[in-house]
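Colleague: Could you take me through this model step by step, so that I can follow how each answer is reached?

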Amino acid sequence: MKRRDRKDDGIMDGSKSNTIGNNKKKKKKKKKNIQRLGGTALSLEAFANAKSTNQHHNPAFKKKQREFYKNAKYVSKYRKSLKQHTSQQNDASSSAKPAQDENETEDGGEMNISLKKKKKKQSLEELYEKKHEEEERARRERDAIFLAKKEEREKAEAQRKELRSKMFKKTRHGQPVMKYRIEHLLQTIQGSSKKPS
């Protein structure tokens with residue numbers, strides 16, 4: 001057999017093409033891995049921006065927003081009612097005054113403006129005081145109800161403790177004292193017989 005020379009067969013050329021083919025295979029494999037893992041990694045800025053823009057459903061945020069708009073509506077209604085109230089008072093006060101001469105001096109006009117401002121201030125103070133008194137009265141009533149309920153709870157708890165201590169009493173030999181248990185049964189029977197009638 002003849003010995004062949006590798007250069008003659010073209011194995012050298014094949015090895016170059018083989019390495020190029022391996023590189024292509026590696027690139028394809030890398031690309032598939034990247035796709036499998038969800039694409040290339042995000043930059044830090046892109047990650048931060050993606051986290052900050054939250055477009056998901058958030059019920060707590062929606063509730064706060066709804067409450068905010070509700071409060072804003074109440075405030076605007078309150079301001080409108082105050083405005084109407086002050087305008088009604090101004091109309092009533094202007095209709096009650098007799099018509100004044102047009103020859104008033106500027107000082108007199110400024111004096112009327114200051115008087116109006118004082119009246120507005122007084123009426124607002126009166127409104128505030130009335131509202132404050134109503135709130136104070138309501139608070140006192142709530143406190144009284146709360147204290148009454150607390151006393152009832154404490155009384156009921158004391159009765160339960162007393163009944164429990166009686167029910168758990170034992171004789172010297174460790175037997176339960178039947179006197180208190182029979183009294184309790186008698187009371188429950190009497191209570192149940194009183195309810196229907």
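Colleague: Which residues line the second largest pocket?

Modeller: This is a predicted model, and in it the second largest pocket has a volume of about 170 Å³. The residues of its lining divide into 3 nonpolar, 3 polar and 3 charged. By name, the residues that line the second largest pocket are Gln 159, Glu 162, Leu 163, Lys 166, Met 167, Tyr 180, Glu 183, His 184 and Gln 187.

Colleague: Which helix gives the most to the lining of the second largest pocket?

Modeller: Two helices, α5 (106-167) and α6 (178-194), each supply at least two residues of that lining. With 5 residues, the helix that gives the most to the lining is α5.

Colleague: How far apart are the closest N and O atoms of Glu 162 and Lys 166?

Modeller: Both Glu 162 and Lys 166 belong to the lining of the second largest pocket, and because they are 4 residues apart in helix α5, about one helical turn separates them. Glu 162 has a relative accessible area of 46% and is therefore partly exposed, while Lys 166, at 28%, also counts as partly exposed. The two form a salt bridge, in which the closest N and O atoms are apart by 3.5 Å.

Colleague: Does Leu 42 count as buried or exposed?

Modeller: Leu 42 is found in the loop between α2 (11-36) and α3 (44-52), and together with Leu 44 and Phe 47 it makes a nonpolar surface patch of about 370 Å². A residue needs a relative accessible area over 50% for this class, and because Leu 42 reaches 59%, it counts as exposed.

Colleague: What percentage of the residues in the protein chain is buried?

Modeller: The protein chain has 6 helices and 0 strands, and its accessible surface comes to about 19900 Å², of which 54% belongs to carbon and sulfur atoms. Of the 197 residues in the chain, the share that is buried is 2%.

Note on methods: Residues numbered from 1 in each chain as written. Predicted model: local features only at pLDDT ≥ 70, side-chain atom pairs only at ≥ 80, totals over all residues. Heavy atoms only, no water. Buried < 20%, exposed > 50% of the residue type's maximum accessible area, 1.4 Å probe, protein only. Areas by Shrake-Rupley, 256 points an atom, 1.4 Å probe, with all protein chains shown as cover. Patch = residues over 30% accessible without salt bridge, like charges linked within 9 Å, V, L, I, M, F, W, Y side chains within 5 Å. Salt bridge = Lys/Arg side-chain N within 4 Å of Asp/Glu carboxyl O. 1 Å grid on protein atoms, 1.4 Å probe; cavity = no way out; pocket = protein on both sides within 12 Å on 5 of 7 lines; lining within 4 Å. Points joined across faces, edges and corners; volume = space filled by probe spheres on them. Nonpolar A, V, L, I, M, F, W, Y, C, P; charged D, E, K, R; others polar.
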